[in-house]
Amino acid sequence: MLGLIVSGRLVQTNFQEIEPGKYLIEIPEADNINHIVVFLTADTPMALGTAGAVYFSWPDPNSPPQFQYLGHISNSKPSAIFKINQLKKLHELEVMDQGSVFGQQQISHTAQIGVSIEPEVNVLQQTSAIANTGNSYLQFGQKILENFFNFASSFAVTQSQMQPNPMETFVPLSTLQSWYVNFQRRLEQNPNFWKN
């Protein structure tokens with residue numbers, strides 16, 4: 001009933017039912033994946049009034065999987081593309097920075113995609129809650145930007161007002177303004193871009 005596409009790889013349809021209505025598939029060497037597509041195959045439609053909540057989990061050898069809700073699929077929305085964050089665990093980054101006896105080695109992971117078949121009403125409420133969180137991130141990010149820009153601008157002086165001080169570093173206000181505009185544009189396009 002379910003399929004998975006990872007760019008540059010063959011289609012996977014080997015979802016395993018781990019309990020009634022709960023399906024799981026593994027993605028080997030998931031470190032370089034940017035997007036996945038989860039879709040319904042034409043073999044079996046979902047039961048009426050249900051939808052598939054799609055979850056993603058990075059492995060952590062020190063703890064059980066923690067799944068992050070990505071979105072949903074249903075008979076009326078039979079496929080969806082999801083952006084997968086490429087965040088690394090802090091300890092993994094430290095290991096990579098230190099290298100190893102055999103040189104720099106890439107850490108490889110097998111990620112997991114879970115699909116939970118649930119009442120469509122519940123899945124849509126969860127999707128709505130995630131969208132509202134995204135709006136909160138957008139507002140929060142904009143307020144931080146404005147506060148930082150206003151704070152830094154309050155210290156602005158003209159070149160003639162500058163006092164020579166070899167211990168100070170000066171950044172043109174135009175550089176700060178350019179960063180502010182670019183950051184705000186990216187935040188409006190994707191409120192979660194900073195997570196990548």
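Ile117 sits in strand S8, which runs over residues 111-119. Keep in mind that this is a predicted model. Ile117 comes out as partly exposed, because its relative accessible area is 23% and the cut-off for buried is under 20%. Ile117 and Ala47 are 70 residues apart in sequence, yet their C-alpha atoms are 9.1 Å apart in space.

**Aromatic pairs**

- You'll find 2 aromatic pairs in the structure.
- One of them is Tyr55 with Tyr69: the ring centres are 5.5 Å apart and the planes make an angle of 65 degrees, so this pair counts as edge-to-face.
- Tyr55 belongs to strand S5 (residues 50-57) and Tyr69 to strand S6 (residues 68-73), so the contact ties together parts that lie 14 residues apart in sequence.
- As for accessibility, Tyr55 and Tyr69 are both buried.
- Phe148 and Trp179 make an aromatic pair too, and it is edge-to-face, with 5.6 Å from centre to centre and 85 degrees between the planes.
- Here the partners come from helices: Phe148 is in H2 (residues 120-153) and Trp179 is in H3 (residues 173-189), so the pair ties together parts 31 residues apart in sequence.
- Phe148 has a relative accessibility of 38%, so it counts as partly exposed.
- Trp179 also has a relative accessibility of 38%, and therefore counts as partly exposed.

**Helix H3**

- H3, the helix that carries Trp179, is 17 residues long and spans 25 Å from its first C-alpha to its last.
- That span is close to the 24 Å you'd expect at 1.5 Å a residue.
- Its buried residues are Leu176, Tyr180, Gln184 and Leu187.
- Look down the axis of H3 and these buried residues fall within an arc of 65 degrees, so they line one face of the helix.
- Ser174 and Gln189, on the other side of H3, are exposed.

**Second largest pocket**

- The second largest pocket holds about 420 Å³ of space.
- It is lined by 16 residues, and those closest to its centre are Phe155, Ala156, Val157, Phe170 and Val171.
- Sorted by class, the lining of this pocket has 10 nonpolar, 5 polar and 1 charged residues.

Methods. Residues are numbered from 1 along each chain as its sequence is written. This is a predicted model: local features need pLDDT of at least 70, side-chain atom pairs count only at pLDDT 80 or more; totals for chains, interfaces and linings use all residues. Side-chain values use heavy atoms; hydrogens and water are left out. On a 1 Å grid over the protein atoms alone, a cavity is a set of points where a 1.4 Å probe fits but cannot get out, and a pocket is an open set with protein on both sides within 12 Å along at least five of seven lines; lining residues have an atom within 4 Å of a point. Grid points are joined across faces, edges and corners, and a volume is the space filled by probe spheres set on the points. Ala, Val, Leu, Ile, Met, Phe, Trp, Tyr, Cys and Pro count as nonpolar, Asp, Glu, Lys and Arg as charged, and the others, Gly among them, as polar. Rings of Phe, Tyr and Trp (its six-membered ring) pair if their centres lie within 6.5 Å; planes under 30 degrees apart count as stacked, over 60 as edge-to-face and the rest as tilted. Helices (H or I, at least four residues) and strands (E, at least two) are DSSP runs, numbered from the N terminus. Buried means under 20% relative accessible area, exposed over 50%, partly exposed in between (1.4 Å probe, protein chains only). The expected span of a helix is 1.5 Å times one less than its number of residues. The arc is that of the directions from the helix axis to the C-beta atoms.
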